[in-house]
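Please read the points below with the structure open beside you, and look up each element as it is named.

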Protein chains: 2
Amino acid sequence: MINFADRLVTAVRSKSSPCIVGLDPRLESIPEFITGCRYTLPVNDAITSCITQFHELVLDAISELVPAVKLQIAFYERYGLPGLAAFGHTIRAAKDRGLLVIVDAKRNDIASTAEAYADEFLGMTEVFGAMRPVYDVDCLTVSPFLGRDSLAPFIDACHLYGKGIFVLVKTSNPGSADIQDELLLETGRPCYEKLAKYVDELGAGDWGNSGYSSVGAVVGATFPEEATTLRKLMPRAIILVPGYGAQGGTAVSAANCFNDDGLGAVVNASRSITYSYSDRRISKADLESEVRQNTLRMNHDIRTTLAARFGVRR
Amino acid sequence: MINFADRLVTAVRSKSSPCIVGLDPRLESIPEFITGCRYTLPVNDAITSCITQFHELVLDAISELVPAVKLQIAFYERYGLPGLAAFGHTIRAAKDRGLLVIVDAKRNDIASTAEAYADEFLGMTEVFGAMRPVYDVDCLTVSPFLGRDSLAPFIDACHLYGKGIFVLVKTSNPGSADIQDELLLETGRPCYEKLAKYVDELGAGDWGNSGYSSVGAVVGATFPEEATTLRKLMPRAIILVPGYGAQGGTAVSAANCFNDDGLGAVVNASRSITYSYSDRRISKADLESEVRQNTLRMNHDIRTTLAARFGVRR
């Protein structure tokens, strides 16, 4: 079984891109040539069909350009079972196109409950004596709030199934200061530095041939100084960088999350790739072109910034 | 619209019980007279049917005895769409029996993603221009790790729809020490005390006629000393107390989460109520009796402990 970090690094190299496209279905923003199906289908079928069709088009436009997609599960869950049916279809469509699939769910719980989440996303569930996969994606975001024991079932699943996790360390929102930035009495340093040390420890010994661990971290592109510190504290962790684009993070900020080898991070953009048009009457051809151009522009932005910083052109 | 805290306090009084029964479906533990349907139904239908039937029986046994149930969503999600279909059925079955429904999902995300979760569990989702409820439960557990801005959409939903949240403050697991117990440089006090102050502030002004807020907190029964401190720091918050029973928390420990009025907390037990039998060949009548007896025993244990402590008999 190939280590998740190795699979991600290989995909980044083969696509010459560390960019990730985020999929967060918002029916009210999906083009009308897709949502028109609501006039002919029952509403629940229309929900599933609209989200799946939209994402298949996005995936067709980007599958040659990026190594992975990140599905934000909250936006699927918001549509109930029809939304989660589309979640399953979108995962399969992404895998069919050779993309790695990251689920952004920020799950966190204790003991057997954490195991249940690990089974759901990374492993398999026992059903009437037989083991069966549920979503079976490549990687999941998790929160460390409940402590290291709450992460153990996910790490076990990573080892057993060749999967990965990204642990929240410093998130991209202003309120991340409330807990993550708190200075600790023990060290005089912010809480996020302690979290980075946990990530480094939890991933120890699990390095693939790439030298990277399957226990990664989330560090927002909106906090470039913190990123510089965090990059050094967990040198073997792949950093998932949200906040580029719509949230105001730049390529220069995101570059602080990379190592000197020009690797070690993947940068996500969601709305700025898939919802950049303001007119929902956009045609299919124009949608595909827009999504593709947005992705090419992001690839170029990140690549040239990394080349300037690290002198490598991947 | 009646404030959630008032609805919960009224239900606690009318049932003379602050006990909550936790529902976490584990097919491998459900009695055979229910799981036998796997021989006649397609596997996905059997999953939905087994979980729904089991919980209907549990709900019939307990609905007169407790004010609310807590559904642990991870155990439903682990079975994919058929599991979540059973989640929806179980919520409706609990409401039909007059029980309040708490979902234990520990969700946490930022901005529009947090709004999506709030829509899913507490509010409504816009679908093709119309608003529709998804799960529409009474209360949700949320994590504060991403900061106060990440909780705002949930609090807005509480106000708009008369719902409640329980914010994780000090969880019942050993690893809760890792972050929640960290002493902060600013105060020299543990992180969980700062979280309790957030809970107190976020609930300010939202007190119902009961004097309690719809912004509650989670404090594990496994940490009685911390509970005593936390109870004082957020006097208006209702505390959801996990960890009683299977996790080793006692009624005496849990009592530290209550106020002197004998109110202000609800105590959850899951496995010790619904999976106390070791032989899955248990009959329907014995299952109902066992679940009922377990609940009566817990009610008695908590009630007599509170009566001894506070001199009230509710």
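1. Buried area is the accessible area, taken with a 1.4 Å probe, that two parts lose on being put together, summed over both. The size of an interface is often given in this way, as the accessible area lost when the parts come together. In this model, which is predicted, chain B and chain A bury about 5,600 Å² between them, and 61% of that area is on carbon and sulfur atoms. Among the contributors on the side of chain B, Arg78(B), Phe128(B) and Phe145(B) supply 14% of the area that chain B buries against chain A, which is more than any other three residues. The contact takes in 70 residues from chain A and 71 residues from chain B.

2. Turning to chain A as a whole, there are 13 helices and 10 strands, and the C-alpha trace spans about 60 × 55 × 40 Å along its principal axes. A compact globule of 314 residues would have a radius of gyration near 20 Å, and chain A, with 19 Å, agrees with this. Of the 314 residues, 63% count as buried, while the accessible surface of the chain comes to about 10,800 Å², with 50% of it belonging to carbon and sulfur atoms. Among the contacts in chain A with a separation of 6 or more, 73% are between residues 24 or more positions apart.

3. The barrel deserves a careful look: in chain A eight strands close into a barrel, with parallel pairing, in the order β1-β2-β3-β6-β7-β8-β9-β10. From one strand to the next the twist averages 30°. To follow one step of this order, take strand β3 (residues 100-107) of chain A, which runs parallel to strand β6 (residues 139-142) of chain A and is joined to it by three bridges; Val103(A) has Leu140(A) in β6(A) as its bridge partner. Helix α9 (residues 191-202) of chain A lies across β7 (164-170), β8 (213-219) and β9 (237-241) of chain A, and runs at about 160° to β7(A).

4. Helix α6 (residues 111-121) of chain A is largely enclosed by the rest of the structure, because eight of its 11 residues are buried. The buried residues include Ser112(A), Thr113(A), Tyr117(A), Glu120(A) and Phe121(A). Ala111(A), which also has its place in α6 of chain A, counts as partly exposed because its relative accessibility is 46%, and its phi is near 45°, a positive value in a residue other than glycine.

5. Ser16(B) lies in the loop between α1 (4-15) and β1 (19-23) of chain B. With a relative accessibility of 27%, Ser16(B) counts as partly exposed, because this class lies between the cut-offs of 20% for buried and 50% for exposed.

Terms used
Residues numbered from 1 in each chain as written. Chains lettered and ligands numbered in written order. Predicted model: local features only at pLDDT ≥ 70, side-chain atom pairs only at ≥ 80, totals over all residues. Heavy atoms only, no water. Pairing = 2+ DSSP bridges. Helix = DSSP H or I, 4+ residues; strand = E, 2+ residues; numbered from the N terminus. Axes fitted to C-alpha atoms, helices over the stretch in contact; angles between N-to-C directions. Contact = heavy atoms within 4.5 Å. Rg over C-alpha atoms; globule rule 2.2 N^0.38 Å. Buried < 20%, exposed > 50% of the residue type's maximum accessible area, 1.4 Å probe, protein only. Areas by Shrake-Rupley, 256 points an atom, 1.4 Å probe, with all protein chains shown as cover.
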